[in-house]
Amino acid sequence: MNKNSNIPQAEFETIERYINRAMDSQERAAFNTKINESPMLAAQVEEVKETILGIESAALSEKLDEFHQEINPVQKLQGQETEGNSNNFRKRFISIAVAASIVLVLGVFWYNSNGSSSEKLFAKHFTPDPGLPTTMSTTDNYDFYEAMVDYKTKDYKTAIHKWELILDEKPANDTLNYFLGVANLVEGNDEKALSYLEKAANNNNSFLKSDIYFYLGLTYLKENNNIAAKESFKVSGSDKSLKILSEIKE
Amino acid sequence: MGKIRQIANQFELIAAIKANNEDALKELYRVNYRKVEVFVLKNSGSVPQAKDVFQDAFLAMYQNIKADKFIPENETALQGYLYQISKNKWRDVLRSSRFKKTAEFIDNVHETEDISDLKIIEETEQQERLAATMEAFKKLGDECRELLTQFYFNKKSLREISENAKYAEASARNKKYRCIQKLKELALATT
């Protein structure tokens, strides 16, 4: 392509009419002959085609985020974010694809409704663990990671179901119990969440200890058990935990 | 919706895409995203990465269809094609320097492409020019972007466009040309 050539307007529009099949058969035939005889004209035609394709692609590209919104969400919560919001607000939520953002929206709504202060605190701070990286090429723990994929695509029920099956073989496993706890918490199964998290917490040397106690604290908060919540956050000691600790009013 | 089910066969679908039929494009996007998301997540990726890869692949598929580079061979050829492009793009991401550890993705992914070097170079250059045009488009003013989108993507006539815009039909033609010149200028500036 000759980058320095500037196709004049009249010529450009003629080429366009040719490309768009807006010429009658006679004119078209004549133009075809011209193209065959002139490599430069042929090149210009290609250039115009390419420019048009670039414009169409750019236009389509701008619509893709809109298309993405039409994808049926796994959680019903996504319906709430499209009500009367500006484009920026919607786009921001689409760009944060982790489950956490959806629960945050839920949290804001909860915060504005009449919940106890502990429940509000829970809602304000709860975001599910983003999950472990999944590489399906590892053959050991395949089932665990397969369920992790479900977890990451927000299909918590399936993830829970699959992990429960593995639990029979490894009832005391901290990672398993931890994620079962968090997933159940997202699903609102507080009692189950509590029992799984407490089991996970029995592993004193778990590298997940800080996270386990963080989520334990959150679960206790949700249950309005501030004393147990505070204890858990203290044991956790993470920044997030300490922050919440400072916000518990009693 | 389900308009895609009304499209009897691949050729009709392809014709619809060539005509920039938004309903067909939207449905194609909607129906095929999840499978790609699962693939990316199973291969060390995240949901945002899945979305990026899918959108890149979608545009690549679109451009190939427009350029008549895709010929369907069976009932689900287009969907399979889109999935294949998505997978290839994700593998490319993994093979880049940031992912040195994932050596599982071997280099024989592209071994079936038996084309000459020259053709590869030409196609790469064209890809780069298209990418430059697309980047430049974003930098155009709202009026130009709107005009060019309506005319080239939505296939509206200059009269229709000028009816909804601030300028008269007579100036629409000149405006269109100037917008394109501006677009080319911007595209050259970035390369």
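**Exercise 1. Work out how helices H11(A) and H13(A) are oriented to each other.**

Step 1: In this predicted model, helix H11 (residues 209–222) and helix H13 (residues 239–247) of chain A pack at an angle of about 25 degrees, and their axes are 9 Å apart. Axes are lines fitted to C-alpha atoms over the stretch in contact, with angles from 0 to 180 degrees between N-to-C directions.

Step 2: Angles under 35 degrees count as roughly parallel, and H11(A) and H13(A) are therefore roughly parallel to each other.

Step 3: Now find the meeting residues. Tyr213(A), Phe214(A) and Gly217(A) of H11(A) meet Lys240(A), Ser241(A) and Ile244(A) of H13(A). Contact here requires C-beta atoms, placed from the backbone, within 7 Å.

**Exercise 2. Describe the side of chain A that touches chain B.**

Step 1: Begin with the count: 31 residues of chain A are in contact with 34 residues of chain B.

Step 2: Helix H1 (9–19), helix H3 (39–69) and helix H7 (142–152) of chain A each give two or more residues to this side.

Step 3: H3(A) supplies the largest share, 15 residues.

**Exercise 3. Summarise the secondary structure of chain A.**

Solution: Chain A has 13 helices and 0 strands. Helices (H or I, at least four residues) and strands (E, at least two) are DSSP runs, numbered from the N terminus.

**Notes for your work**

Residues are numbered from 1 along each chain as its sequence is written, with chains lettered from A and ligands numbered from 1 in written order. Local features need pLDDT of at least 70 and side-chain atom pairs pLDDT 80 or more, while totals for chains, interfaces and linings use all residues.

Note on methods
Parallel < 35°, antiparallel > 145°, perpendicular 65-115°, else oblique. Contact = placed C-beta atoms within 7 Å.
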